[in-house]
Structure formats: C-alpha cells, structure tokens
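Biologist: Could you take a close look at how the helices pack in this model, and at what ties remote parts of the chain together? I would enjoy one connected walk through it.

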Amino acid sequence: MLPHLDRKLLRDLRRLKGQAAAVSLVMACGLAMLIMARSLIHSLDSTRADYYRTNRFADVFVALKRAPNDLAARLAAIPGVATVQTDLAVPVTLDLPGLAEPASGLVRTLPDFGAPELNRLFLRRGRWLAPGSRGEVLVGEAFADANRLQPGDTLAMLLYGRREEFRIAGIVLSPEYVFESRPGAALPDNRTYGIFWLPYKEAATAFNLYGAFNHAALTLAPGAHEQTVIAAADRLLRPYGGLGAFGRQDHPSHIRVSDEIRVLEILSIGFPTVFLGVAAFMTNAVLSRLLALQREQIAILKAFGFANRTIVGHYLKFAFVMVAAGVLLGLLGGGALGRKLVVMYELFFRFPELTFRLDGAAVAAALSVGLGAVTLGVYGAVRRAARLPPAEAMRPEPPARYRPALVERTGLGRLLSHSFRIAVRNLERRPMQALFTVAGLALATALLILPNTFKAGIAEVLDFQWDVVQRQDLNLGLSEPSAARTAHELARLPGVTSLEPARSAAVRIHFQGRSRQIGLRSLLPDGRHSRAVDAAGREIAPPPDGIVLSAKLADVLGARLGDPVVVEALEGRRPVRELRLVALAEDFTGIAAYMDLHAINRFLGEGDVITGASIGLDQARRGEFLAALKAIPRVSTIAIKETMRRSFRETTAQSMGLIQSIYLTFAVIVAFGVIYNNARISLAERARELATLRVVGMTQREVGAILVIELVILASLAVPAGLLLGTGLTTLIIQSVNTETIRLPLVFTLYTYSFAVGTVVVASTLSAVFVLRRLKQLDLIAALKAPE
C-alpha cells in the first residue's frame, strides 16, 4: 500500500494531468534534442576512431610531382616517423555508358603483392584484385552507388591519353575518403567523380611513372611532434615538387566529419538550454499554483507532524514525475530521430558500418539537466511554503491589495470595459507571476525564429553560390598547366557561347603564426563567369597587385583588410611573396584566395599559362559539347554547376533541412505547450473569483473576456521580446555552427517573423477556446465552497 503522501501525489497528478503533460512534453523536446545530438556525436566519433584504428589511417600526408621509390627510405629515416607508404595518385577521365557528361576521378595504386600497410581498404562487395592481374579495378562505393555499378561491370578510363577498359573486381571503402569529393571542392559530386585503385605496376606503366611515387602517407612514432616531421618532409620533398605535407586534422575528409560533429556539439547545447529554461518556468508556474491552492493542506500535514523536508520532498516528487516522463519521452524521441539522421549520414559519410549508438552519458546528462532545471524552478517556492508556521498556513492567503490600475489612473479607465480593467488589475497585483509568464512566452516565441532562418539560409546559399558568384554553366580542369592558346581550342567546341580562362595553384597562406593550405584561384578584370563578391553583394575587381581572401579564411587567419599576408607557392619554383589583403569575399562553401590571372602567373614566374576554363553553354547543344569533350584527353576534371547545386541539395541541404524540420516541430510544440499551460493555470487559480463574478451578475461572455484579455496582453508583451531574443539567439547559433567547409548566411525574412507571430496567435486562440469551454462548464456552487 502506498504511503499517504504518495497517494496524495497521485491524486494531484490526475487533477493537473493537462499541465503536467504540457511540462513533460516541453522538457521531452529539449531532452530529445540533447540525446539525439550527443548520441550522434558519439556515433560519428567512435565509428570514425574505430575505422581509423582498424584500417590504419595515416597521421601525415604529402603530394608531390615525382620522386624515386628509393626516397621512401629517407622519409622513413626522419626522426619521429614510424611507417612510410608511397603510392601514385593520378587524375583520370572516364567514359561511362548512360552518363552524358564526362566523369573524372583519381586513380590510387595498391602494392602488386600483399596488402598496403596504411590506409587499408574495406571490401564492401566483390573481391580483391588478384596478384599480378591486369585490366581490373577497385571502385569507391560512393561513385559505384551513384552510377549503379556492380562487380563484373566494365568502365573506360583515359590513361595518359589512351582509352582502356577495366572490369570492376570489387567495391571498396577507404579511410582517406569517408567524405568523397573532388579536390578543392567542399561538396561531393559522386555521379561524376570517383576514386579508383589499380595495381602499382599497371598504373605506373600507363602514366610513365614506373619506379616513382607522387604521394606518401606517414604514421608517427609515440611522442613524435607532428609539425617537426611535416617540416622535415617538406624540406626533403621540395626538390621533387612537394606540394606541402599536412596532418590528419587538415585532411579534407577528416575535416568534413569533424565539422559535422562540431555543428552537433553547438546544437546539443543551444536549443536544449532554451527548451529546459522554458520547462523550468512552466514547472514553477504549476507548482506555485498547486502550493497556493494547498496552503491549508500543508498546514494540516505540519500539524500532524510531517517534517519540513518531508513536505519539500513530497512536492519535489511532483516535479520529478514530470522530469521522469520528459526523460522517457526524450529518450524515445531522441533515439528515433537519431536513427533517422544516421540513415541520412550514411548517404555521404562512407563507413564500413555506421549505426546509431545511444550515448549513456547523454542519457545521464539529460536526467541530471532535467532534474536540475525543475529543481531550480520550484525549490524556492516549495521551501517557502513548507516553512510557513501551521497556524499561519491555516489562515487563507491575505487578499491582494486592489486599486485602480495604472491605465485607469491616467483617466482612460472610463473608456475601458469592466473585463479589461479587472484583467489589467490582476496583472498589476501579481507582477512577478506576469513577468515569469511573459518570459516563458518570449522564450517559446524565440525558439520559432531559428528553424525558418536555417531554411532561408539554405535557399540563399543555393541562389548566391550558383547564380551570383558562379554564373558559368561548367568549369573544366586540365591535367597539366597549358599555354593560353588552349582556351581558344576549347572555345571552338560545339555549343560554347562564352569562355574565360582560369589559373589555379596550390599555396600556403601565412599570417602571424597561422596558416592554411588552399588553392589560389584566378579572377579576370572584366570576367562575367566566376566572381568574387563582398558582403554587400558588390563585385570585387581583381587588383593588379594584392590578394582577395574569403571572409572565413581571413577570420581563421586573424587577418584584416590592409594586413600583409605571406603567400608561399607549393609548386613550380615555389616562390614566397608578401601581398596586401585588399578585399574580403563573401562565400558559403569552402575557403578561397583570389588574384588576378596574370598576377598569379607573374607570382609563379611562369608565362601565359592556364589550368582550366569556365564555360557558358548553349543548352540546346549540350549533348554535342559533352560528346566532344570526352575526346579531349587533356581535360581531367569537369564540374557542372547544376550537378553541384543538386549535390548540395542532396547532402548538406538535406542534412540541415531535416534538422530544421525537427527543431521547427519541437518549437511549435513548445509554443503551444507554454500558452496552453498558462491558460489552464490562470483558469484554475481564479475559478473561485470568476465564479463570484458570475454570481454577482457578470455574463459568461464578460467573465471569459477577462481571461482572454489577460492572455492577449501577456502575448502582446512577450512576442516583441521573443522576436528580439530569437534574433539574437539565432545569430549566436548560426555564427557558431559556421565552419570552413560550409556556412549559412543570416537571412531574417518577413515569413520567419510572421510564422513565429502566427504560431503564437494560433496557439493563443486555441488555448482561449479551450479555456472558455472549461469556463462554461464551471460548477459555480463547487467553486464557491470554502475549503475545509
């Protein structure tokens, strides 16, 4: 048999089930996001760590032009190096049946006999390459899935100008390509770009690189200093065209997964904090109302010998039951949503197995945070009630001091209805209760701003990145730097309406001890294709002598306009030059640096050279152009704007869109929960007062108007504050989740604010309708009975 106080607790919960359910639901939303985000972090981080360890992912990577295989022994002799593995990495063009545009990729090599020591592959389907085999290839899973390739299928590659066909032996994964994308691109294009593995001898012979390597991976000995090893490797490989070594933390695939984890870390703090803050306000309101109604019951309990701590514990149990329900619902919801997001992550993060792993620490944290939030919200009120002497608690609560409201004292009272004046007086005599209600409503309104700002930001990226900045139809990359006259040859291809030559170079940019290794891109003074645009949308003209950095890159380096930055070329003669930062370009994918095309060639000490081109295309002749392009072996890469736009929609936009939908749903639930809870509490607290007004002659409509006017006044005060708070909160969160690979602009639209206001209006209307129905059912006799 339950103790007396526990039976009383069950009765109280049944009587206040609506309010308790609303609090639990709001808390469940916050805890579901906390559990979802922290468990996703745990899933991604632990899966990546296991994959790296099992498949021996390297610590340091370096690309170069060409070096003899014997140089590997000198790399291994660098102090701090544990293991060295060399191979080839060569870009290729592919011809796939059923794919109109030419695909491109990167061929990596495997030892002719035995397995590689580092960066070991995982066989997803098919079989490994047979020792000494020819004409067989392993294909990365992302490219194979996008093109529906299976073991046994064939594909054609252009190897050093020769077309050769290969039979697919197996579909594989690599720890180097968890996120598989074109070099220098922040977004994947798995349909037209892939990674392939051939035996060393076959690939080296085809590319005239037998006895040499152009890529190396190293692992470090325990206690080794990474930067010291990188510096030594750069010195050793500089004569062989070394492009600059870098550590695992700068590996493009590793960065992309780390950025996703960072976004989840920010979101696991920001939103749950606000949700739980709202839950604390709501719990305080429910318990304060319960304590006011049970003032005499508390006195009786004390008179019968119940200690203060027992009474405090009894009412805290009421709050803890709501927490337990919230944690249970949050656990179920967070787990379900986390599994849904993991399925989406599998589309562009390629692990041998990515499963949702519930983070036990996150569940414990959710329980602790939930208990902490409600305890903070109610402990003071419970403790004050329990400390009342029995004789004082037995007396009814002293009546509030009634006097004309401030608006009445201004002389406007005679213009106002009785209902309006009563509502305003009630709010004035309980200012703290009104303040807490406004704060809760403001937080609920603020939560509605972020999800739609995410949505508007995604739409802005799609328009800005591929309509404002990139106005060409496609970009071509050449296998080797070529004379400028190559552009004229490309311009004669069928369907080309405009062409602008491009020059890119691998550089490392330094500023006050910070550096980033990136691709330096060219701009043309009168260019109409690729442009650099500042934050105000103005086109940046390329300076004849100076450099333009993306705003994010400048922020990472800590550089400001006018500062001198050091640009170190990582190819050719490897010149180093100090250039003034003359402008900041706004962009939302990756980081970049820009210079005038001719200035890049002067900096590198080369003649009139290009490495690619941007092309405007007559779409009616698109098929002719793509067919002709397949016959040009010097074209190694092709990036079609519409394909990149579609890729963004299917990866980053889809990920952010799903998170946005989840948060928007939760925010709407919270808004309805807060407003409904407040309306129910207002009715319950004032049932006796409202019944009295009905008895003395006020109509049902006039009495109902009192509650509705109070709700309207509170919402009118809360909504503007909530919109301001939501704007600040959204700005803070979006700026925090912006990374080097992808960023969202702050786009506050009329729809965003209108949706927030409209949701509050709808929630208030529905709550008012519910309260008026309950008021109509009010038993006047029962409400007017004096408590025993």
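Modeller: Happy to! A salt bridge here is a side-chain nitrogen of Lys or Arg within 4 Å of a carboxyl oxygen of Asp or Glu. By that rule there are 24 salt bridges in this predicted model. One of them pairs Asp59 with Arg248, whose closest N and O atoms are 3.2 Å apart. This pair links distant parts of the chain, 189 residues apart: Asp59 lies in the loop between α2 and β1, and Arg248 in the loop between β11 and α7.

Now to the helix packing. Two packed helices are described by the angle between their axes and the distance between the axes. For α13 (residues 418-429) and α23 (residues 700-737), the angle is about 50° and the axes are 8 Å apart. α13 is therefore oblique to α23, and their crossing is right-handed. On the α13 side, the contact includes Phe420, Ile422, Val424 and Leu427, while α23 contributes residues including Ile706, Ile709, Ile713 and Leu714.

Another pair to look at is α1 (residues 4-15) with α9 (residues 308-345), whose axes come within 10 Å and cross at roughly 40°. That angle makes α1 oblique to α9, and this crossing is right-handed. Among the residues that meet there are Leu5, Leu9 and Leu13 in α1, and Tyr315, Phe318 and Val321 in α9.

Technical notes
Residues numbered from 1 in each chain as written. Predicted model: local features only at pLDDT ≥ 70, side-chain atom pairs only at ≥ 80, totals over all residues. Heavy atoms only, no water. Axes fitted to C-alpha atoms, helices over the stretch in contact; angles between N-to-C directions. Helix = DSSP H or I, 4+ residues; strand = E, 2+ residues; numbered from the N terminus. Parallel < 35°, antiparallel > 145°, perpendicular 65-115°, else oblique. Left-handed = near helix turned anticlockwise from the far one by under 90°. Contact = heavy atoms within 4.5 Å.
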